[in-house]
Amino acid sequence: MIVLGIETSCDETAAAIVATTPQGPRILSNQIRAQSVEHAPFGGVVPEIAARAHLDHLDAVIGRALAEADLTLAEIDGVAAAAGPGLIGGLIVGTMMAKGIAWGAGKPFIAVNHLEGHALTTRLTDDVDFPYLLLLVSGGHCQLLDCAGVGRYRRLGTTLDDAAGEAFDKTAKLIGLGYPGGPAIERASRGGDPYRFALPRPLKGRPGCDFSFSGLKTAVRQIVAERGCLSPRDRTDLAAAIELAICDALADRTANVVDWFRRHRPEGTALVAAGGVAANGQLRRRLTALAGSVGLRFIAPPPALCTDNGAMIAWAGIERLRLGLVDGLDAAPRPRWPLDTGAPQWPGAEVARRRK
Ligand code: KG4
Ligand code: ZN
């Protein structure tokens with residue numbers, strides 16, 4: 001089975017082709033055109049600029065994906081596109097393109113939940129069986145999920161305010177680092193003293209596995225205001241303090257749920273991380289130790305497949321297509337689309353996207 005996947009939900013214009021083979025899944029091509037240059041001056045994603053950039057570049061990105069895989073549209077089995085959640089302008093561009101190709105080539109169309117793309121990537125890269133415990137941490141989302149099967153997700157915890165990636169992006173902007181903030185903070189924190197500035201760990205030590213990051217942002221803003229301007233040393237130490245505070249919070253809340261997972265899912269073997277923040281080296285080390293302490297494997301996709309990409313959409317398309325889960329050409333893009341539709345909605349949480 002061979003599927004073309006299109007990702008345009010935020011600020012990456014991406015297309016990929018993934019195939020199943022007797023040796024397991026294979027990424028035949030994975031093309032990404034990032035929009036960091038367009039958005040960098042604004043310190044975050046500007047939805048209108050993102051939509052126009054997708055429109056300008058998607059054609060060429062898909063062309064390159066087909067060329068790299070050395071395939072024609074006639075040789076693929078389905079066309080998948082991220083249909084939500086995300087910025088509606090980009091979602092419209094991606095889904096309309098996918099529907100057009102599907103209709104023209106006479107192939108099924110699969111409307112993929114972008115979060116499901118992140119959630120299933122581990123099965124593309126590491127052949128993980130259900131059930132697994134997932135920490136999904138990206139620019140717009142921060143959730144702990146019990147993954148029981150394709151389309152079967154139970155949300156165990158979520159952020160009450162900002163997402164983890166949003167916390168990286170906003171604090172990076174406050175201390176004068178570039179966008180996206182996560183990689184910028186990871187780079188800037190090298191050699192820094194993470195204990196020189198005391199930053200809060202909201203909800204740390206409390207029961208439950210929800211997250212909160214807005215207090216961290218306020219504390220960083222205050223430190224910056226008090227000091228007036230930051231020396232390079234201040235910036236390095238603050239970056240190290242921010243990275244440690246966010247990793248502490250993520251590890252603390254995840255620790256609260258691994259026991260539950262061990263007891264309720266005895267057949268489950270893995271703690272999985274996905275989404276852009278899962279590319280963070282310190283977080284990966286912390287979660288590896290945490291999983292090991294309770295006898296679980298820790299698995300995270302390679303960093304390039306943690307951040308948004310087309311391969312995760314193509315793979316989710318394969319997972320759905322082989323179960324017969326295809327969509328009509330009337331399937332609408334959805335700016336909000338929770339993975340667990342039964343979970344209570346929090347204002348601002350799960351739906352926030354990075355904005356300037
Ligand atoms: O999954 P993703 O590419 O897009 C969304 O679905 O939101 O995640 C992007 C987020 C950004 O907030 C970015 O700052 C963060 O992931 N990120 C990182 C790292 N790489 C990307 N955060 C921490 N450390 C990283 N190395
Ligand atoms: Zn994402």
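Guide: Welcome! Two strands pair if DSSP finds at least two bridges between them. Strands and helices are DSSP runs, strands being E runs of at least two residues and helices H or I runs of at least four, numbered from the N terminus. This is a predicted model, in which local features need pLDDT of at least 70 and side-chain atom pairs count only at pLDDT 80 or more, while totals for chains, interfaces and linings use all residues. Side-chain values use heavy atoms, without hydrogens and water, residues are numbered from 1 along each chain as its sequence is written, and chains are lettered from A and ligands numbered from 1 in the order in which they are written.

Visitor: What makes β6 and β9 a pair of strands?

Guide: Strand β6 (residues 132-137) and strand β9 (residues 270-274) share four bridges in the parallel sense. Pairing asks for at least two bridges, so they qualify. Within this pairing, Leu-133 stands opposite Leu-271 in β9.

Visitor: Which strands are called the edge strands of the sheet, and why?

Guide: The open sheet has five strands in the order β8-β7-β6-β9-β10, with mixed pairing. Its edge strands are β8 (152-158) and β10 (297-299), as each pairs on one side only. Direction ignored, neighbouring strands are turned by 25 degrees against each other on average.

Visitor: Which strands does helix α4 touch?

Guide: Helix α4 (residues 114-125) touches β6, β7 (142-149), β8, β9 and β10, where contact means heavy atoms within 4.5 Å. Its direction makes about 130 degrees with that of β6.

Visitor: Why are α2 and α3 called roughly parallel?

Guide: The axes of helix α2 (residues 47-69) and helix α3 (residues 88-105) cross at roughly 30 degrees and come within 8 Å. Such axes are lines fitted to C-alpha atoms, for helices over the stretch in contact, with angles from 0 to 180 degrees between N-to-C directions. Angles under 35 degrees count as roughly parallel, over 145 as roughly antiparallel, 65 to 115 as roughly perpendicular and the rest as oblique. That makes α2 roughly parallel to α3.

Visitor: Which residues of α2 and α3 meet?

Guide: Among them are Ala-51, His-54 and Leu-55 in α2, and Gly-89, Gly-90 and Val-93 in α3.

Visitor: How do you know that Glu-166 and Lys-170 form a salt bridge?

Guide: A salt bridge is a side-chain nitrogen of Lys or Arg within 4 Å of a carboxyl oxygen of Asp or Glu. Here the N to O distance is 3.1 Å, so the pair counts. The two residues are four apart in helix α5 (residues 164-174), separated by about one helical turn. By this rule there are 15 salt bridges.

Visitor: What about Asp-237 and Arg-196, where do they lie?

Guide: Their side chains meet in a salt bridge, 2.6 Å from N to O. The pair links distant parts of the chain: Asp-237 is in helix α8 (residues 232-264), while Arg-196 is in the loop between α6 (181-188) and α7 (214-227), 41 residues apart. Asp-237 is buried, because its relative accessibility is 2%, and Arg-196, at 35%, is partly exposed. Both belong to a salt-bridge network that also links Arg-227, Arg-233 and Asp-234.

Methods:
Buried < 20%, exposed > 50% of the residue type's maximum accessible area, 1.4 Å probe, protein only.
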